[in-house]
Amino acid sequence: WKRDVDRTLLRENLKLTLLNARLALLSRQTNSARADVAAATTALLQYEIDTPLTVLQHTLGHANAARA
């Protein structure tokens, strides 16, 4: 049960972090957006997420492109 709660909280945190990055981009705050994308990338790599590898690779590819 606890593990399901942890997964849910992690997913919600990732959603909020990426939403914050999107808002930062719309506000032309690229440094803040890059920091949020980096935080989301770290979370994706640090925690075990039940996501197919191809989806994870696709997401990280977009994150790396956004950082460039």
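**Figure 1. The crossing of helices H1 and H2 is left-handed.** The structure shown is a predicted model. H1 covers residues 2-26, and H2 covers residues 30-46. The axes of the two helices come within 7 Å and cross at roughly 160°. Angles over 145 degrees count as roughly antiparallel, so H1 is roughly antiparallel to H2.

**Figure 2. Residues of H1 and H2 make the contact between the two helices.** On the H1 side, the contact is made by Leu-10, Leu-14, Thr-17, Leu-18, Asn-20, Ala-21, Ala-24 and Leu-25. On the H2 side, the residues are Thr-30, Ser-32, Ala-33, Asp-36, Val-37, Ala-39, Ala-40, Ala-43 and Leu-44.

**Figure 3. Asp-36 is a buried residue in helix H2.** Leaving aside residues up to four places away in sequence, Asp-36 touches Thr-17, Asn-20 and Ala-21. Thr-17, Asn-20 and Ala-21 are among the H1 residues that make the contact with H2. Asp-36 has no salt bridge. The nearest side chain of opposite charge belongs to Arg-22, which is 11 Å away. A salt bridge would need a side-chain nitrogen of Lys or Arg within 4 Å of a carboxyl oxygen of Asp or Glu.

**Figure 4. The chain as a whole contains 3 helices and 0 strands.** Along the sequence, the pattern reads α-α-α. The chain has 68 residues, of which 21% count as buried. Among contacts with a separation of 6 or more, 48% are between residues 24 or more positions apart.

Conventions: Residues are numbered from 1 along each chain as its sequence is written. This is a predicted model: local features need pLDDT of at least 70, side-chain atom pairs count only at pLDDT 80 or more; totals for chains, interfaces and linings use all residues. Side-chain values use heavy atoms; hydrogens and water are left out. Helices (H or I, at least four residues) and strands (E, at least two) are DSSP runs, numbered from the N terminus. Buried means under 20% relative accessible area, exposed over 50%, partly exposed in between (1.4 Å probe, protein chains only). Lys and Arg count as positive and Asp and Glu as negative; His and the chain ends are not counted. Contact means heavy atoms within 4.5 Å. Axes are lines fitted to C-alpha atoms, for helices over the stretch in contact, and angles run from 0 to 180 degrees between N-to-C directions. Angles under 35 degrees count as roughly parallel, over 145 as roughly antiparallel, 65 to 115 as roughly perpendicular and the rest as oblique. A crossing is left-handed if the near helix is turned anticlockwise from the far one by less than a right angle, and right-handed if clockwise.
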